[in-house]
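I opened this entry to keep a record of what I looked up, beginning with the chain and then turning to the ligand.

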Amino acid sequence: MEDCKIAFIGCGNMSRSLIGGLIANGIKPGSLSAADPDSKQRQAITRQFGITTLANNHAAVVDADVIVLAVKPQIMGTVTNELAECVKENTQLTISIAAGVRLGTLSAWLGEQAAIVRVMPNTPALIQAGAAALFANEQTTATQKNTAETIMRSVGIAIWLDTEDLLDTVTALSGSGSAYFFYFMEAMEKAAINMGLNNEHARLLTIETALGAAKMASLSDFDPATLRRQVTSPGGTTEQALNIFMQGKLEALVYEAMRAARQRSVELSQTPGV
Ligand SMILES: NC(=O)c1ccc[n+]([C@@H]2O[C@H](COP(=O)([O-])OP(=O)(O)OC[C@H]3O[C@@H](n4cnc5c(N)ncnc54)[C@H](OP(=O)(O)O)[C@@H]3O)[C@@H](O)[C@H]2O)c1
């Protein structure tokens, strides 16, 4: 991995967080490069990380062992067509973090022999607290899979999926999931303000409670259902609140919401041009 040359296509948010994570994990800036047509984006990355940036995608990937495609799904076709010649001639690994662009589509653009890993990251990767799921095509070697996993682990946790279609479920879980928790926090904060707390206190207590619960769930040997029961004394205050959630069928609502998100992910991947 230390000798591996990684080229990022797109100098946006995701590339920035992955580059930052890799450097923080000991990868030398000299092993990394990034391309973007926007000179401001390139300058920002060079200033922050001291890596080489280029305006030309082809020039960025020519010597690379790994190409990370970190552009919007809508322009992925244009970008991969530009790079196809280079990928065909070499044995690079291509990692795509674009939502909804299937391996079949990427292979059709890059060439059937291209080793490709699809990744569904999430926004907390921007603060090195991401949760990513990966799926590789058959052309990807074990070493290349290891490299892809190491790159994603530089900004959080990473898991491998058994089938590509599970990426749609992951999109509905961790891909969109931060927003669900933000929404729940928003509702708790509003309720507390309605019941008399000032805005500052309501926000602070909401955020710290969410953080504490997530940390407990992450560090504990118990599952979330057991942790919930442990803080729910019979006849107590928590029980009263949970009863209301259960009467409102929160669990069924969450299932319905996530099914809708997964269905949207499937639809988007079938959109012409993606
Ligand atoms: N951010 C997330 O949390 C997140 C989560 C899951 C998946 N993703 C996926 O990650 C990918 C990147 O997301 P992002 O948030 O990093 O997007 P972003 O901040 O918009 O970055 C994309 C960058 O690519 C540049 N670009 C446009 N055309 C290009 C070209 N032809 N060649 C090279 N670079 C080009 C864009 O420049 P301009 O701004 O000038 O167009 C921009 O700097 C997307 O496919 C997204 O679906 C992101």
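I looked up how the chain is divided, and in this predicted model the assignment gives domain 1, covering 6-164, and domain 2, covering 171-269. I then checked how far apart they sit, and the C-alpha centres of domain 1 and domain 2 are separated by 33 Å. For the contact between them, I noted that 7 residues of domain 1 touch 7 residues of domain 2.

Next I asked myself which residues are closest to the ligand. I found 24 residues around the ligand, with Met14, Asp36, Gln41, Val71 and Ile75 as the closest. When I sorted this shell by residue type, I counted 14 nonpolar, 7 polar and 3 charged residues.

From Asn13 a backbone N or O atom lies 3.0 Å from an oxygen of the ligand, and for Lys72 I noted 3.3 Å between a side-chain N or O atom and a ligand oxygen. Of the 890 Å² of accessible area that the ligand has on its own, the protein covers 76%.

Last, I looked up the space that the ligand takes, and I recorded it as the second largest pocket.

Definitions and conventions: Residues numbered from 1 in each chain as written. Predicted model: local features only at pLDDT ≥ 70, side-chain atom pairs only at ≥ 80, totals over all residues. Heavy atoms only, no water. Near = heavy atom within 4 Å. Polar contact = N/O pair within 3.5 Å; in protein donor to acceptor, adjacent residues only side chain to side chain. Areas by Shrake-Rupley, 256 points an atom, 1.4 Å probe, with all protein chains shown as cover. 1 Å grid on protein atoms, 1.4 Å probe; cavity = no way out; pocket = protein on both sides within 12 Å on 5 of 7 lines; lining within 4 Å. Sits in = over half its atoms within 2 Å of the grid points. Nonpolar A, V, L, I, M, F, W, Y, C, P; charged D, E, K, R; others polar. Domains from an automatic or database assignment. Contact = heavy atoms within 4.5 Å.
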